[in-house]
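Okay, thanks for coming, everyone. Let me put the structure up on the screen, and then we'll walk through it.

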Amino acid sequence: LRDNRIELVRASWHELSISVSDVSLSDEGQYTCSLFTMPVKTSKAFLTVLGVPEKPQITGFTSPVMEGERMQLTCKTSGSKPAADIRWFKNDKEVKDVKYLKEEDATRKTFTVSSTLDFLADRSDDGAVVSCRVDHESLNSTPQIAMQVLEIHYTPLVKIISSNSWPEEGQSIILTCESKGKPV
């Protein structure tokens, strides 16, 4: 092997060791060690190289969204090998019913994985944190996460609150008009 990334670590009568720095996907394949005796003896091993997924990105959110509008958020990550796993969460609760798409990258060695979260905006979603989590064996159990805070605008609900439910003639009463909407 003639490559300046490959270094001879140990060479003795009993052992030959090499190290490969800055490993790339092209380093994947079968490696053979030969002992030049009569007959020649060989040992083979297959090296599998994992492709690390890029940090995910969430697209499709335009702020603000009106209550009742359909929201489609897409989370995408490229460069994983094998294909990464994407999961969605809303305020730390997993959202299960999502579309999932896996495509081979141009190199045909890695994958771009995307997932779309599709739902109708509701006032209860205002301020909710939506996160997209990418899990992959190359990440050593530390997932990559992208987050988006939702801003939902909604029409006001108006109610009149009385200081006394059953006022008597001659008493004072305070009527309060309360409105809750966004924007205020």
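So, which side chain does a polar contact join to that of Ser17? The partner is Glu15, at 2.7 Å. By polar contact I mean a pair of N or O atoms within 3.5 Å; within protein, one must be able to donate a hydrogen and the other to accept it, and residues adjacent in sequence count only if both atoms are side-chain atoms.

Quick housekeeping. This is a predicted model, where local features need pLDDT of at least 70 and side-chain atom pairs count only at pLDDT 80 or more, while totals for chains, interfaces and linings use all residues. Residues are numbered from 1 along each chain as its sequence is written, and side-chain values use heavy atoms, with hydrogens and water left out.

Back to Ser17, which sits in strand β2, residues 16-20. Strands here are DSSP runs of E, at least two residues, numbered from the N terminus. Ser17 counts as buried, at 18% relative accessibility. Buried is under 20% relative accessible area, exposed is over 50%, and partly exposed is in between, with a 1.4 Å probe and protein chains only. Leaving aside residues up to four places away in sequence, Ser17 touches Glu7, Leu8, Val9 and Arg10; a contact is heavy atoms within 4.5 Å.

Now the domains. We've got domain 1 at 6-47 and domain 2 at 57-153, with bounds from an automatic or database domain assignment. Their centres, taken over C-alpha atoms, are 42 Å apart.

The link ties together distant parts of the chain, from Cys75 in β7 (70-80) to Cys132 in β12 (129-135), 57 residues apart. It's left-handed, at -65° about the S-S bond. Cys75 is buried at 0% relative accessibility, and Cys132 is buried at 0% too. Cys33 is partly exposed at 39%, and Cys177 is exposed at 58%.

Leu73's own contacts include Ile58, Trp88 and Leu150.

How values were computed:
Disulfide = S-S within 2.5 Å. Helix = DSSP H or I, 4+ residues; strand = E, 2+ residues; numbered from the N terminus.
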